[in-house]
Amino acid sequence: MKQLLSSAGGVHTYVEARPLETPSHRGWMQVKIFTTAEWSRDPAYEQTKLELFLQPEEFANLKAVINSL
């Protein structure tokens, strides 16, 4: 699921969370924060700022921290 976090000066920041599809990491989540720029040569180009691979407990902790803000 990809969600827009902010849009300023033609730069859009997104967060995406999705389950890993590897049998060895069932229940793990991939969390990615990335940007796109309207003024770029390729406006669809995504620049990854942060990428996390989290176990179910760690993902629950991340959600709890975000919800407490």
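Student: How many of the nine residues of strand 3 are buried?
Tutor: This is a predicted model, in which local features need pLDDT of at least 70, side-chain atom pairs count only at pLDDT 80 or more, and totals for chains, interfaces and linings use all residues. Residues are numbered from 1 along each chain as its sequence is written, and side-chain values use heavy atoms, with hydrogens and water left out. Strand 3 covers residues 29-37, and the term refers to a DSSP run (helices H or I, at least four residues; strands E, at least two) numbered from the N terminus. Buried means under 20% relative accessible area, exposed over 50% and partly exposed in between, with a 1.4 Å probe and protein chains only, and strand 3 is largely enclosed by the rest of the structure because its buried residues number eight of the nine.

Student: How many bridges join strand 2 to strand 3?
Tutor: Two strands pair if DSSP finds at least two bridges between them. Strand 3 and strand 4 run antiparallel and are joined by seven bridges, with Phe34 having Thr48 of strand 4 as its bridge partner. Strand 2 and strand 3 also run antiparallel, and Pro19 has its bridge partner Met29 in strand 3. The number of bridges that join strand 2 to strand 3 is nine.

Student: Which residue in the turn between strand 1 and strand 2 has a positive phi?
Tutor: Strand 1 (residues 2-8) and strand 2 (residues 11-19) pair in the antiparallel sense over six bridges, and the bridge partner of Lys2 in strand 2 is Glu16. These two strands form a hairpin with two residues between them, and the turn residue with a positive phi, about 60°, is Gly9.

Student: Which residue meets Lys32 in a salt bridge?
Tutor: A salt bridge here is a side-chain nitrogen of Lys or Arg within 4 Å of a carboxyl oxygen of Asp or Glu, and a search of the whole structure finds one. The pair links distant parts of the chain, 14 residues apart, with Lys32 in strand 3 and its partner in the loop between strand 3 and strand 4 (47-54). With an N to O distance of 3.7 Å, the residue whose side chain meets that of Lys32 is Glu46.

Student: What is the length of the polar contact that joins the side chains of Gln30 and Glu51?
Tutor: Gln30 lies in strand 3 and is buried, because its relative accessible area is 11%. A polar contact is a pair of N or O atoms within 3.5 Å; within protein, one must be able to donate a hydrogen and the other to accept it, and residues adjacent in sequence count only if both atoms are side-chain atoms. Contact in the wider sense means heavy atoms within 4.5 Å, and Gln30 touches several residues beyond four places away in sequence, among them Glu16, Leu52 and Glu51. The polar contact between the side chains of Gln30 and Glu51 has a length of 2.4 Å.

Student: What distance separates the C-alpha atoms of Tyr14 and Ser24?
Tutor: Tyr14 has its place in strand 2 and counts as buried because its relative accessibility is 17%. Not counting residues up to four places away in sequence, Tyr14 touches residues including Lys2, Leu4, Lys32 and Phe34. Tyr14 and Ser24 are ten residues apart along the chain, and their C-alpha atoms are separated by 28 Å.
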